[in-house]
Structures are given as structure tokens and as C-alpha cells.
Amino acid sequence: MGIFARLSTAADERSARLAGIGLMLAAICMFSFGDALGKFIVATYSVGQLMLLRACASLLLLAPSIWRRRAEFRRLERPWLQLLRVILSTLEVAAFFLAAAYLPLADVITYYLATPIFVTALSAIVLREHVGWRRWSAVLIGFGGVLVALQPRRRR
């Protein structure tokens with residue numbers, strides 16, 4: 001491989017990494033903006049109205065893609081399971097914004113980001129999956145982080 005091919009590959013790899021970093025930062029900003037906007041909206045409107053607004057906005061953005069792939073929707077594997085997934089996801093988002101109406105946004109997001117801790121613990125209890133000591137250590141460290149972030153003793 002010549003020197004120019006190596007330089008070209010290194011530049012492509014570097015630009016791909018920078019693009020990944022930029023896209024990750026943009027996604028974090030957009031999610032944070034969406035959460036803050038949702039908290040602002042539920043101060044005036046109900047959670048159901050917010051969910052309807054989100055659904056309409058999503059449908060407008062996804063309509064071209066849905067239209068192009070409409071034939072594939074007829075061949076879905078286990079469509080009832082897909083429907084259950086949509087229903088549970090909708091309930092999860094509604095619960096998030098309902099909590100945001102009553103709690104500070106930082107607390108709601110801290111609880112929300114603690115979800116993998118509870119999923120790991122419940123997978124061992126409910127599904128009887130094997131969770132090794134490394135994962136349990138990560139769960140305990142994560143739970144400690146949640147306690148530090150929420151500061152439960154300082155609440156009154």
C-alpha cells in the first residue's frame with residue numbers, strides 16, 4: 001500500500017470519527033431539547049395531547065419512508081408482537097412525560113437512565129437469566145451513581 005493510500009484511509013477514518021462525534025452530540029442536543037420542550041408543553045396541555053402532537057410530527061417525518069416500504073408491512077413476522085411493542089413504547093413515553101409534569105426534568109431523566117439497572121436485575125429474577133459478577137458490579141456502581149445524582153437524603 002502506497003503512502004497516498006495510507007493517508008487517504010487515515011483521513012477517511014478521521015472524518016468518519018468526527019462525523020460520528022458530531023452526530024452523537026447533535027442527537028444528545030435534540031433529545032434534550034425534545035425532553036425540555038415536552039416538559040414545557042405538559043405544563044399547559046395534557047399528556048394525551050402531547051402524545052398526539054408527537055405522533056403527528058413523527059408521521060409527517062416518516063411518511064415518505066413508510067410509503068416506500070408499504071409492501072413490507074404485510075410480511076411482518078409476528079405482527080401482534082410488533083403491535084404490543086408499539087403499545088408498550090407509547091405507554092413508556094406517556095409515563096415519562098406524565099412524570100415530567102410533576103417532577104424536575106433532571107430527576108425524571110435520572111430515573112429514566114437508570115432503566116438498564118432495573119432491567120438487568122429483573123432479568124435475573126423474572127427471566128432466570130444468568131447475570132455474572134461483572135454485570136452485578138456494574139449494576140451496583142450504576143445504582144450508586146443514581147443515588148449520587150438524586151441525593152435522596154437532601155430531599156424534604
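Analyst: Helices here are DSSP runs of H or I with at least four residues, and strands are runs of E with at least two, numbered from the N terminus. This is a predicted model, so local features need pLDDT of at least 70 and side-chain atom pairs pLDDT 80 or more, while totals for chains, interfaces and linings use all residues. Residues are numbered from 1 along each chain as its sequence is written, and side-chain values use heavy atoms, leaving out hydrogens and water.

User: Happy to dig in! How many salt bridges does the count come to?

Analyst: A salt bridge is a side-chain nitrogen of Lys or Arg within 4 Å of a carboxyl oxygen of Asp or Glu. Arg69 and Glu72 meet this way, at 3.9 Å from N to O. Glu13 also forms a salt bridge with Arg17. By this rule, the count is two.

User: How far apart are the closest N and O atoms of Glu13 and Arg17?

Analyst: Good one! Glu13 and Arg17 are separated by about one helical turn because they are four residues apart in helix 1 (residues 3-42). Their closest N and O atoms are apart by 2.8 Å.

User: Is Thr110 buried or exposed?

Analyst: Buried means under 20% relative accessible area, exposed over 50%, and partly exposed in between (1.4 Å probe, protein chains only). Thr110, in helix 4 (residues 105-113), has 18% relative accessibility and therefore counts as buried.

User: Which residues is Thr110 in contact with, leaving aside neighbours within four places in sequence?

Analyst: Contact means heavy atoms within 4.5 Å. With those sequence neighbours set aside, the contacts of Thr110 are Val146, Ala149 and Leu150.
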